[in-house]
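Subject: Structure for your files

Hello,

Here is the structure I said I would send. My notes on what was found follow it.

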Amino acid sequence: GQKQRINGQLVPDNLRPHIKGDLSVKTSGNLATGDFIMDGLWIEGKLTVKPGNLGRLQVAHCTLVPGHGGIIVEIGSTAGQQNATLDISIDHSICDSIKLPDTVPDLRIVNSIVDHAAGEAITGPGASVSIQKSTVFGSSSMYSLEADNSIFTGIISVMRRQEGCMRNTYIPEGSRTPRRYRCQPDWLKPLFTSLRYGSPGYAQLHSR
């Protein structure tokens with residue numbers, strides 16, 4: 001049977017909330033409604049935005065454990081179910097793959113790691129993407145891209161290359177990107193202390 005819920009005060013000082021399982025968020029109605037904000041969570045599972053019209057998704061200081069958790073946005077077949085004004089922001093976080101339908105317009109990633117080295121780390125066919133001071137393990141595809149001080153280990157494919165810019169960034173050979181400014185040459189490949197999530201040197205550039 002169900003356990004009785006006891007009301008009280010929880011003071012989780014010096015503790016980090018841990019969720020073992022998947023999360024989903026859903027809105028209703030034809031207008032863009034609501035923000036969904038996650039801050040300081042460790043999640044062993046996926047975050048799914050269900051068909052609807054969520055206004056903003058903000059992930060800050062969170063870990064969606066690589067190999068277990070990423071972000072997926074779903075859409076429905078009717079108006080009001082397209083998440084067509086969804087603004088996604090990922091800040092100081094670690095995340096597995098990010099998969100967006102072509103209706104989602106905006107994705108910003110700052111000071112974060114997106115880790116899906118075995119496949120496509122970022123899929124955003126309709127998204128204007130901004131990535132700053134971040135590392136992306138795996139390939140990426142998006143509508144447009146602005147990147148600065150970042151490292152991509154997999155091939156990047158940008159549909160609209162007439163706008164945007166890649167600055168001070170490592171771009172793998174064979175990528176199709178906007179214009180480049182002071183980017184590392186293709187032959188200079190980054191070397192990491194560790195590629196294994198959970199190790200002390202995870203995603204850290206090697207001293208060599």
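Strands S6 and S9 run parallel and are joined by five bridges. This is a predicted model, and everything below should be read as a description of that model. In the pairing of these two strands, Val59 stands opposite Ile90 of S9. S9 also runs parallel to S12, again with five bridges between them. Here Ile90 stands opposite Ile109 of S12. S9 is mostly covered, with four of its five residues buried.

Leaving out residues up to four places away in sequence, Leu57 touches Phe36, Leu47, Val49, Ile71, Leu86, Asp87, Ile88 and Ser89.

Now the aromatic residues. How many aromatic pairs are there? The count comes to three. One of them is Phe137 with Phe192, an edge-to-face pair with 5.1 Å from centre to centre and 70° between the planes. Phe137 is in strand S14 and Phe192 is in the segment after S18, so this pair links distant parts of the chain, 55 residues apart. Both Phe137 and Phe192 are buried.

Phe137 also pairs with Tyr202: the ring centres are 6.4 Å apart and the planes are at 40°, so the pair is tilted. Because Phe137 lies in strand S14 and Tyr202 in the segment after S18, the pair ties together parts that are 65 residues apart in sequence. Is Phe137 buried or exposed? At 4% relative accessibility, Phe137 counts as buried. Tyr202, at 11%, counts as buried too. Phe137, Phe192, Tyr197 and Tyr202 form one aromatic cluster.

Two residues other than glycine have a positive phi and may be worth a look. Lys133 has phi near 50°. Lys133 is found in the loop between S13 and S14, and with a relative accessible area of 53% Lys133 is exposed. Ala203 has phi near 65°. The place of Ala203 is in the segment after S18, and with a relative accessible area of 14% Ala203 is buried.

Thr177 is a loop residue, found between strand S17 (165–167) and strand S18 (179–181). Thr177 has a relative accessible area of 11%, and because the cut-off for buried is under 20%, Thr177 is buried. The side chain of Thr177 makes a polar contact with the side chain of Arg180, at 3.2 Å. Not counting residues up to four places away in sequence, Thr177 touches Ile156, Val158, Arg161, Met166 and Ile171.

Last, the start of the chain. Gly8 is found in the segment before strand S1 (18–20). Gly8 counts as exposed, at 73% relative accessibility. From C-alpha to C-alpha, Gly8 and Trp42 are 23 Å apart in space, and they are 34 residues apart in sequence.

Regards

Key: Residues numbered from 1 in each chain as written. Predicted model: local features only at pLDDT ≥ 70, side-chain atom pairs only at ≥ 80, totals over all residues. Heavy atoms only, no water. Buried < 20%, exposed > 50% of the residue type's maximum accessible area, 1.4 Å probe, protein only. Polar contact = N/O pair within 3.5 Å; in protein donor to acceptor, adjacent residues only side chain to side chain. Contact = heavy atoms within 4.5 Å. Phe/Tyr/Trp six-rings, centres within 6.5 Å; stacked < 30°, edge-to-face > 60°. Pairing = 2+ DSSP bridges.
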